[in-house]
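This report describes a predicted model.

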Amino acid sequence: MKAFIFPGQGAQFVGMGKDLYEGSALAKDLFEQANEILGFSITDIMFNGTAEGLKQTKVTQPAIFLHSVILSKTLQNFKPDMVAGHSLGELSALVANKTLSFEDGLKLVSRRALAMQAACEITPGTMAAILGLEDAVVEQACSEVDGVVVAANYNCPGQLVISGEVEAINQACELLKEKGARRALVLPVGGAFHSPLMEPAREELAAAIEQTTFAQPICPVYQNVSTTAVSDPEEIKKNLIAQLTAPVKWTQSVQEMVADGGESFTEVGPGKVLQGLVRKIHPDAEVASA
């Protein structure tokens, strides 16, 4: 079975999507639609901007979504048996499997980005990558630290990202180094994504999601929150709302996809991060870029 997977924040690069825009009339039309929907020329920033300009959350999230979704729409014989996305990538996956329209997906991504930015300003937070420890050891260490710090991204065995208040993250990193972490590295991110500090963003996104039409998908999505195959639009909605404050269970999602017959994994969008993670989770899987 063919799985298509969609990257999240961090995969952006200057010039992303320009080849699509110049090489496909459909892509050009969709990019121009996106400029109108967003109310600013995101194509200018994507194609000719600076890395700094592209790093703003309100730009980054729609840019990655657009690159992934428009690429999927220009592929020959795009017939996924299953889809999944890492964090933000889940919204790209939901357009790819026709749960969401292009327009509605982009509007939700934009609302999500602005809500997350606002939540970061309410309570400053950060994230850190922990390498070389069992998940259970990291989870235990988080529970021993005062303040908000939680496991946020289960990326692959031996790589877990934690999220929370700045001081709590610093304390957790020191504790995890003592426990034998190969690295405990604070990440250059704008806030504590996938932690309780995102609650204001979750509430705002929930209101937007409730007003959006979710259709019956053409294939199941393996969601970050549940990790299992989901095809019921109401359940997809519920999981998408929970996603902002819950961990991204990428390792477990890929394991479920493999257990359900997923053999080839094609990454649709900028970068190759997810292909590397899939290889570490399931070394026998076929991986490729779209």
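## The sheet

Four strands in the order E4-E5-E3-E6 make up an open sheet with antiparallel pairing.

Strands E3 and E6 are paired in the antiparallel sense over 4 bridges, and Leu131 stands opposite Arg183 in E6. Strands of a sheet pair through backbone hydrogen bonds, in either a parallel or an antiparallel arrangement.

## Helices on the sheet

Helix H8 (residues 135-144) packs on the sheet and touches E3, E4 and E5. The direction of H8 makes about 165° with that of E4. Helix H9 (residues 166-178) also packs on the sheet, where it touches E3, E4, E5 and E6; its direction makes about 145° with that of E5.

## Strand E5 and its partners

Strand E5 (residues 159-165) has 6 of its 7 residues buried, so the strand is largely enclosed by the rest of the structure. Strand E3 (residues 125-131) runs antiparallel to E5 and is joined to it by 7 bridges; Thr126 is placed opposite Gly164 in E5.

Strand E4 (residues 149-156) also runs antiparallel to E5, with 6 bridges between the two. Within this pairing, Val150 has Ser163 of E5 as its bridge partner. E4 and E5 form a hairpin with 2 residues between them, and Gly158 in the turn has a positive phi of about 85°.

## Surroundings of Gln159

Gln159 belongs to strand E5. Apart from neighbours within four places in sequence, Gln159 contacts Ile130, Leu131, Asn153, Tyr154 and Leu277. The side chains of Gln159 and Asn155 are joined by a polar contact of 3.0 Å. By contrast, the C-alpha atoms of Gln159 and Leu94 are separated by 26 Å, the two residues being 65 residues apart along the chain.

## The H7–H10 pair

Helix H7 (residues 102-122) and helix H10 (residues 199-210) have axes that come within 8 Å and cross at roughly 160°. H7 is therefore roughly antiparallel to H10. The crossing of H7 past H10 is right-handed.

On the H7 side, the residues that meet H10 are Leu108, Arg111, Arg112, Ala115, Met116, Ala119 and Ile122. Their counterparts in H10 are Pro200, Ala201, Glu204, Leu205, Ala208 and Ile209.

Methods. Residues are numbered from 1 along each chain as its sequence is written. This is a predicted model: local features need pLDDT of at least 70, side-chain atom pairs count only at pLDDT 80 or more; totals for chains, interfaces and linings use all residues. Side-chain values use heavy atoms; hydrogens and water are left out. Buried means under 20% relative accessible area, exposed over 50%, partly exposed in between (1.4 Å probe, protein chains only). Two strands pair if DSSP finds at least two bridges between them. Contact means heavy atoms within 4.5 Å. A polar contact is a pair of N or O atoms within 3.5 Å; within protein, one must be able to donate a hydrogen and the other to accept it, and residues adjacent in sequence count only if both atoms are side-chain atoms. Axes are lines fitted to C-alpha atoms, for helices over the stretch in contact, and angles run from 0 to 180 degrees between N-to-C directions. Angles under 35 degrees count as roughly parallel, over 145 as roughly antiparallel, 65 to 115 as roughly perpendicular and the rest as oblique. A crossing is left-handed if the near helix is turned anticlockwise from the far one by less than a right angle, and right-handed if clockwise.
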